[in-house]
Amino acid sequence: MMPGRVPILPENPLGLSWHDSNWIPILNTSNVMEYFSERSNPFYDRTCNNEIVKMQRLSLDQLNNMTGLEYILLHVQEPILYVIRKQHRHSVNHTIAIADYYIIAGVIYQAPDLASILNSRLLSTIHHLQSAFEESMSYSKYHPSKGYSWDLKVPEKPKKETQREEPSSLFQRQRVDMLLAELTRKFPLPPPPPIPPAKQPTQDQDVKQESRDKQEKTNECMKPPPEKKPRLS
């Protein structure tokens, strides 16, 4: 490196995204790898084995017999999500994952690794802790005779004026009524189910009921009179 020259650091790939509007309407499982291998895609390394297979017009199954850098389709959830893995193949059964990329609605992003997630969470935690310490220091007061003390009087927030709702105009009311009438005409309410008629007693039931009443009256007439008990003097 030449003296006095500052090296240019590569841009963080986690903040990049790429898409091609011409591919998005026709994107599917059969052509998503071809879409990912576009030359303008910054996530695609043209020194990979996929490029060799593509130039020789071979099947992607030939990647299992090669060694080196390759891209595979890891997960599919059509029609919106595709996950592509970048890995280094050492043998047929031995591969080492390098990075994962996900395609959502045709836009390609790089999935963050575990170290990036932990680093982001730690930085966020440190930022909030530092903000809390700075705010707590603003409440500390010092007096030569009393020393340090805390002044925790939080300033009152100004009350927000409640905005009065304006009444609807005649145009708005008529417009809403017209929309409701149009919706009712397009989607009429279903008619209520018919009420089943009450069951009327049949003639046989009337005859049985009359015979039952006559039998009860006959039984009452046939009862013997009550016995008279002798009076004790």
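This note comments on the fold, salt bridges and surface of the structure shown above.

1. Basis of the model. The structure is a predicted model, in which local features need pLDDT of at least 70 and side-chain atom pairs count only at pLDDT 80 or more, whereas totals for chains, interfaces and linings use all residues. Residues are numbered from 1 along each chain as its sequence is written, and side-chain values use heavy atoms, with hydrogens and water left out.

2. Secondary structure. The protein comprises 5 helices and 6 strands; helices (H or I, at least four residues) and strands (E, at least two) are DSSP runs numbered from the N terminus. Their order from the N terminus is α-α-β-β-β-β-α-β-β-α-α.

3. Of the 233 residues in the protein, 16% are buried. Buried denotes under 20% relative accessible area, exposed over 50%, and partly exposed the range in between (1.4 Å probe, protein chains only). Among contacts (heavy atoms within 4.5 Å) between residues at least 6 apart in sequence, 34% join residues at least 24 apart.

4. Salt bridge E70–R89. The whole structure contains 2 salt bridges, each defined as a side-chain nitrogen of Lys or Arg within 4 Å of a carboxyl oxygen of Asp or Glu. One of them pairs E70 with R89, with 2.9 Å between the closest N and O atoms. This pair links distant parts of the chain, since E70 belongs to strand β1 (residues 68–77) and R89 to strand β2 (residues 81–89), 19 residues apart. E70 is buried, at a relative accessible area of 0%, and R89 is also classed as buried, at 7%.

5. Salt bridge D100–R85. A salt bridge also joins the side chains of D100 and R85, at 2.9 Å from N to O. Here D100 in strand β3 (residues 95–104) is linked to R85 in strand β2, 15 residues apart. D100 is partly exposed, with 23% relative accessible area, and R85 is likewise partly exposed, with 25%.

6. Surface. The protein exposes about 21,000 Å², of which carbon and sulfur atoms supply 58%; accessible areas come from the Shrake-Rupley method with a 1.4 Å probe, and for residues only the protein chains shown count as cover. L180, L183 and F187 form a nonpolar surface patch with about 330 Å² of accessible area together. Patches consist of residues with over 30% relative accessible area and no salt bridge, like charges being joined within 9 Å and nonpolar side chains (Val, Leu, Ile, Met, Phe, Trp, Tyr) within 5 Å.
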